Amino acid sequence: MYANDGFRELDRTECLHLLAGPPVGRIVHTHKALPAVLPVNFGLDGGAVVLRTAAASELVRAIDGVVVAFEADEVDAVARSGWSVVVTGRAAVVTDPAEHARLCRVGPRSWAPSPMEVFVRIEPELVTGRQLVGGRTRYGVDFPA
C-alpha cells in the first residue's frame, strides 16, 4: 500500500472477515499469456476461497494447479467508501470424495448448475486488502459533491 493515499491497509483477519460478505468476486488467471478476469460466485472454507463450477469448464482447465488471484470488494458510491481484498494462491480441484461431499453440503451453490460440478479451492498464500477511508483525500478534505 502507499502511504497517504486515502486508504487503510487491512490485516489478514479483517480481509477474511470481509470476504464472508459479498456473493461474487473475480478470479484472475492467465489465458493465452494474457491476464483474464472472470466474475464468480464463491464461498469461504477454513480461510480458503472455494468456487463451484462445471467439471468440463474452461475455467477449471485454466486454473487447476496454478497460482491465481481472487478479488472481491464492496463499494458505496454515495458515501465514497469501500474495500477490496485480494487472495493469491494455488488453485486446485477438490478430488477427495469425502471433501467433495462435505462441500456439496456447506460450500457455495452454483448460479449456473451443471450435471457434473467440481469445487476449486484457492489456498491463500498472500491476503491483502485496503479500505477507502471515508471518501476523503489524503489531505483530509472532502471531495466536492
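**The aromatic pair**

The structure, which is a predicted model, holds one aromatic pair. Select Phe42 and Phe70 and display their side chains: the ring centres are 4.7 Å apart and the planes stand at 65°, so the pair is classed as edge-to-face. The cut-off for that class is an angle over 60 degrees. A pair of aromatic rings is described by the distance of the centres and the angle of the planes.

Which parts does the pair tie together? Phe42 belongs to the loop between strand S3 (34-41) and strand S4 (43-45), whereas Phe70 belongs to strand S6, so the contact links parts that are 28 residues apart in sequence. Phe42 and Phe70 are both buried.

**Strand S6 and its partners**

Next, select residues 67-76, which form strand S6, together with residues 24-31, which form strand S2. These two strands run antiparallel and are joined by three bridges. To locate a point of pairing, select Arg26: its bridge partner in S6 is Glu71.

**The turn of the hairpin**

Follow the chain from S6 into S7. The two strands form a hairpin with four residues between them. Select Arg80, which is found in the loop between S6 and S7. Phi of Arg80 is near 50°, a positive value in a residue other than glycine. Most residues other than glycine have a negative phi, and most peptide bonds are trans. Is Arg80 buried, partly exposed or exposed? Its relative accessible area is 33%, so Arg80 counts as partly exposed, a class that lies between the limits of 20% and 50%.

Now move to Lys32, in the loop between S2 and S3. Lys32 is not a glycine, yet its phi is positive, at about 55°. Lys32 has a relative accessibility of 71% and therefore counts as exposed.

**A charge over a ring**

Finally, select Arg130 and Phe7 and display both side chains. What sits over the ring of Phe7? The charged end of Arg130 takes that position, 3.5 Å from the ring centre.

How values were computed: Residues are numbered from 1 along each chain as its sequence is written. This is a predicted model: local features need pLDDT of at least 70, side-chain atom pairs count only at pLDDT 80 or more; totals for chains, interfaces and linings use all residues. Side-chain values use heavy atoms; hydrogens and water are left out. Two strands pair if DSSP finds at least two bridges between them. Rings of Phe, Tyr and Trp (its six-membered ring) pair if their centres lie within 6.5 Å; planes under 30 degrees apart count as stacked, over 60 as edge-to-face and the rest as tilted. Buried means under 20% relative accessible area, exposed over 50%, partly exposed in between (1.4 Å probe, protein chains only). A charge sits over a ring if NZ of Lys or CZ of Arg is within 6 Å of the ring centre and within 35 degrees of the ring normal.
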